[in-house]
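My notebook is open, and I want to look a few things up before I forget them. Here is what I have on screen.

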Amino acid sequence: MIHMTRAVVRKWLESLLHIHDSPRRTAAAYAVGVFWGFSPFYGIHTLLGLLCAFLFNLNRVAVIAGVYTNLPWFVAPYYTLATIGGAAVLGVHLPPGFAHQLGALFGLSVFGHEFWSRLGVLMRPLLWPLTLGSLMGAAALSALAYRISLPFIVAGRTHLHLKHRQDPPSGAS
C-alpha cells in the first residue's frame with residue numbers, strides 16, 4: 001500500500017514539476033526564470049515565473065532556480081547599473097542636487113510616511129530608465145543563462161545516464 005502511494009506521489013510530482021524535459025527546454029525554462037528574476041517586476045517575479053512555467057508547460061524547478069538567481073547581494077548593484085543604462089539610452093539626467101536630496105532623505109525614519117512620499121517624488125524621474133534598463137539587462141542575462149546552462153544540463157544528464165547504465169540490477173548479488 002505504501003509503495004503504491006509513493007509511486008502515485010512520485011508520478012504526481014514529476015507531472016507537476018515537469019522534470020523530464022529535453023536539455024534545451026530545461027535550459028530555456030531556466031532562462032525564463034532568470035528573465036523574470038532580473039526584470040523590473042521584482043517582488044512579483046516568482047509569481048510571474050510560475051505563471052509562465054504553467055502556461056508554457058516548462059520545468060517548474062528550473063524556472064524557480066532561474067528566478068532566484070537574482071540573489072539579495074546582486075539586487076542593488078544590478079538595478080543601479082540597469083537604471084544608469086536605461087537613463088543613458090533614454091537621455092535622462094539626474095535632477096540637480098539628487099545626491100544631496102537622497103542623503104537628506106535617510107535622516108528621516110523609514111517607518112514614516114514622509115520618507116516614502118519624498119522617496120517616491122525623488123525617484124519618479126528614474127522610473128522609465130529603471131524599467132527599460134532592467135528589461136534590457138534581463139533579456140541579456142536570460143540569453144547568457146541559456147547559453148551557459150545548456151552544456152551543464154547536457155553534461156549532467158549524460159553523467160546520470162551513464163551512471164544508471166553501470167548500476168547493477170537491484171536483485172543481483
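Predicted model: local features only at pLDDT ≥ 70, side-chain atom pairs only at ≥ 80, totals over all residues.

Which residue lies over the face of Phe-54, and at what distance from the ring centre? I found Arg-60 there, 4.1 Å from the ring centre. The rule I used puts a charge over a ring if NZ of Lys or CZ of Arg is within 6 Å of the ring centre and within 35 degrees of the ring normal.

Residues are numbered from 1 along each chain as its sequence is written, and side-chain values use heavy atoms, with hydrogens and water left out.

Entry: salt bridges. I counted a side-chain nitrogen of Lys or Arg within 4 Å of a carboxyl oxygen of Asp or Glu. Searching the whole structure gave me two. Asp-21 and Arg-25 make one of them, with 3.5 Å between the closest N and O atoms. I also checked accessibility (buried is under 20% relative accessible area, exposed over 50%, partly exposed in between, with a 1.4 Å probe and protein chains only). Asp-21 is buried at 8%, while Arg-25 is partly exposed at 33%.

Glu-114 and Arg-118 form a salt bridge too, their closest N and O atoms 3.3 Å apart. Why are they about one helical turn apart? Because they sit four residues apart in helix α7, residues 113-123. My helices are DSSP runs of H or I, at least four residues, numbered from the N terminus. Both ends are partly exposed: Glu-114 at 44% and Arg-118 at 36%.

Entry: aromatic pairs. I paired rings of Phe, Tyr and Trp (its six-membered ring) with centres within 6.5 Å; planes under 30 degrees apart are stacked, over 60 edge-to-face, and the rest tilted. That gave me eight pairs. In one of these, Trp-36 and Phe-41 have ring centres 6.1 Å apart and planes at 50 degrees, so I logged the pair as tilted. Trp-36 is buried at 16%, but Phe-41 is partly exposed at 36%.

Tyr-42 and Tyr-79 are edge-to-face, at 5.9 Å centre to centre and 65 degrees between the planes. I noted that this pair links distant parts of the chain, 37 residues apart: Tyr-42 is in the loop between α2 (23-37) and α3 (45-55), and Tyr-79 is in helix α5. Tyr-42 is partly exposed at 40%, whereas Tyr-79 is buried at 13%. Ring pairs also join Phe-38 and Tyr-78 with Tyr-42 and Tyr-79 in a cluster.

Entry: the largest pocket. On a 1 Å grid over the protein atoms alone, a pocket is an open set of points where a 1.4 Å probe fits, with protein on both sides within 12 Å along at least five of seven lines; lining residues have an atom within 4 Å of a point. I got a volume of about 410 Å³. Its lining has 14 residues, and Tyr-79 turns up again among those nearest the centre, with Thr-83, Phe-98, Met-123 and Leu-126. Helix α5 gives the largest share of the lining, five residues.

Last entry: Tyr-68. I placed Tyr-68 in the loop between α4 (60-67) and α5. Its C-alpha is 7.7 Å from that of Gly-33, 35 residues away along the chain.

Notes
Helix = DSSP H or I, 4+ residues; strand = E, 2+ residues; numbered from the N terminus. Points joined across faces, edges and corners; volume = space filled by probe spheres on them.
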